Amino acid sequence: MIWDKKKIQNPKSKIQTLYPSLTLGIIILFLFLSVSANAFSFAVFGDNHGDLRTLSIIFSKIRSDKDVAFAVNLGDIVNNGSADEYRRYSDFISKSGIKVYNVMGNHDAVLGGYKLFAKYFGKDYYSFDHENAHFVILNNSFRSFFDEAQKDFLIKDLEANKGKPTFVFFHKPTFDPSDVYTAYLASDRKMTEKMMEIFEKYRVRYVMAGHIHAYLKTQRNGIVYIVSGGAGGPLHLPASLGGFYHFVKITVDGDRIKDEVVRLYE
Ligand SMILES: [Fe+2]
């Protein structure tokens with residue numbers, strides 16, 4: 001019997017020829033998903049400290065911007081954790097017509113305020129998606145530092161959401177871009193440094209905090225860090241150094257991200 005080598009098909013080589021087309025298919029699917037996500041914006045502000053007047057100005061600007069899909073409050077939403085303050089803020093938000101994700105600040109946690117935070121807003125750390133982007137809310141204000149449970153949560157969460165443009169929010173900054181308010185940072189430097197390593201490992205795009213009542217922006221190891229604490233509390237810095245009332249508008253268009261600061265008063 002004479003073997004016709006051409007007719008003998010090697011299953012291994014068949015698989016090998018499949019690989020390039022499989023890879024191409026995945027790339028095309030990824031590109032399709034990236035392009036098919038709708039562009040959107042979201043607003044970020046912090047440290048209103050119970051001041052609903054300044055917040056009203058922010059919300060009227062947000063409402064008039066049809067691109068803004070939701071907002072994030074970076075904490076110190078009330079001034080002394082009281083039931084009355086929580087109720088007034090909650091009423092204000094529910095009538096605003098804007099979905100707001102709330103971060104717990106130190107002023108929200110004091111005098112048992114953390115229980116009211118849970119009552120009105122639920123969990124104090126979690127994540128969610130919007131279009132193609134991923135958002136992580138953390139809490140370093142109840143205990144003044146990130147605890148082990150949140151670190152573990154963050155690693156698992158970022159591992160499961162690799163490849164999405166990701167934004168992380170919490171109240172106390174991990175470092176001070178102004179070098180003026182170094183006492184205002186999250187405690188436990190070792191844990192804080194570890195958290196920043198995790199942000200870098202998973203290529204988080206933006207990390208946003210409040211606590212310092214000003215607008216500060218810097219880059220560190222490929223991540224944009226913004227401090228936005230200008231929604232009503234007394235300002236901590238002169239206007240020339242970022243001490244002005246404002247909110248931040250972030251626009252996500254596929255993989256492109258743009259941030260802009262919107263001043264409330266010229
Ligand atoms: Fe504050």
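Helix α6 (residues 148–160) has 13 residues, which at 1.5 Å a residue should span 18 Å, and the 18 Å between its end C-alpha atoms agrees with this. The expected span is 1.5 Å times one less than the number of residues in the helix. The structure is a predicted model, in which local features need pLDDT of at least 70, side-chain atom pairs count only at pLDDT 80 or more, and totals for chains, interfaces and linings use all residues. Residues are numbered from 1 along each chain as its sequence is written.

**Overall composition**

- The chain has seven helices and 11 strands; helices (H or I, at least four residues) and strands (E, at least two) are DSSP runs, numbered from the N terminus.
- Of the 266 residues of the chain, 38% count as buried. A residue is buried if 20 or more other C-beta atoms lie within 10 Å of its own, exposed if 12 or fewer, and partly exposed in between, with C-beta atoms placed from the backbone.
- Among contacts with a separation of 6 or more, 70% involve residues 24 or more positions apart. Two residues are in contact if their C-beta atoms, placed from the backbone, lie within 7 Å.

**Helix α6**

- Q150, L154 and L158 are buried in α6. Down the helix axis, the buried residues of α6 fall within an arc of 60 degrees, so they line one face of the helix. The arc is that of the directions from the helix axis to the C-beta atoms.
- The other side of α6 carries the exposed residues E148, A149, D152, K156, E159 and A160.
- The cover over the buried residues of α6 includes β5, β6 (166–169) and α7 (189–201).

**Helix α5**

- In α5 (residues 113–121), the buried residues are G113, L116, F117 and F121. They cover an arc of only 105 degrees around the axis, which puts them on the same side of α5.
- A118 and K119 are exposed on the face of α5 turned away from its buried side.
- Elements covering the buried residues of α5 include α3 (83–96), β3 (100–102) and α4 (106–109).
- G122, which follows α5, has a positive phi near 80 degrees.

**The six-stranded sheet**

- Six strands form an open sheet in the order β4-β5-β6-β7-β9-β8, with mixed pairing. Two strands pair if DSSP finds at least two bridges between them.
- At the edges stand β4 and β8 (215–220), each of which pairs on one side only.
- Neighbouring strands of this sheet are turned by 20 degrees against each other on average, direction ignored. Axes are lines fitted to C-alpha atoms, for helices over the stretch in contact, and angles run from 0 to 180 degrees between N-to-C directions.
- β4 (residues 126–130) and β5 (residues 133–137) run antiparallel and are joined by five bridges; H130 has A133 in β5 as its bridge partner. Their hairpin has two residues between the strands, and E131 takes a positive phi near 50 degrees there.
- β6 and β7 (residues 206–209) run parallel, with three bridges between them, and F169 stands opposite M208 in β7.
- β8 and β9 (residues 223–228) run antiparallel and share six bridges; the bridge partner of T218 in β9 is Y225. In their hairpin, which has two residues between the strands, N221 takes a positive phi near 45 degrees.

**The five-stranded sheet**

- Five strands form an open sheet in the order β3-β2-β1-β10-β11, again with mixed pairing. Its edge strands are β3 and β11 (256–263), each pairing on one side only.
- β1 (residues 40–45) and β2 (residues 68–73) pair in the parallel sense over five bridges, and S41 stands opposite V68 in β2.

- Leaving aside residues up to four places away in sequence, V44 touches A71, V72, L74, M208, S228, F247, V248 and I250.
- F170 is found in the loop between β6 and α7 and counts as buried because it has 28 C-beta neighbours inside 10 Å.
- The C-alpha atoms of F170 and G210 are separated by 7.4 Å, although these residues are 40 residues apart along the chain.
- Not counting residues up to four places away in sequence, F170 touches V103, L138, N139, N140 and A209.
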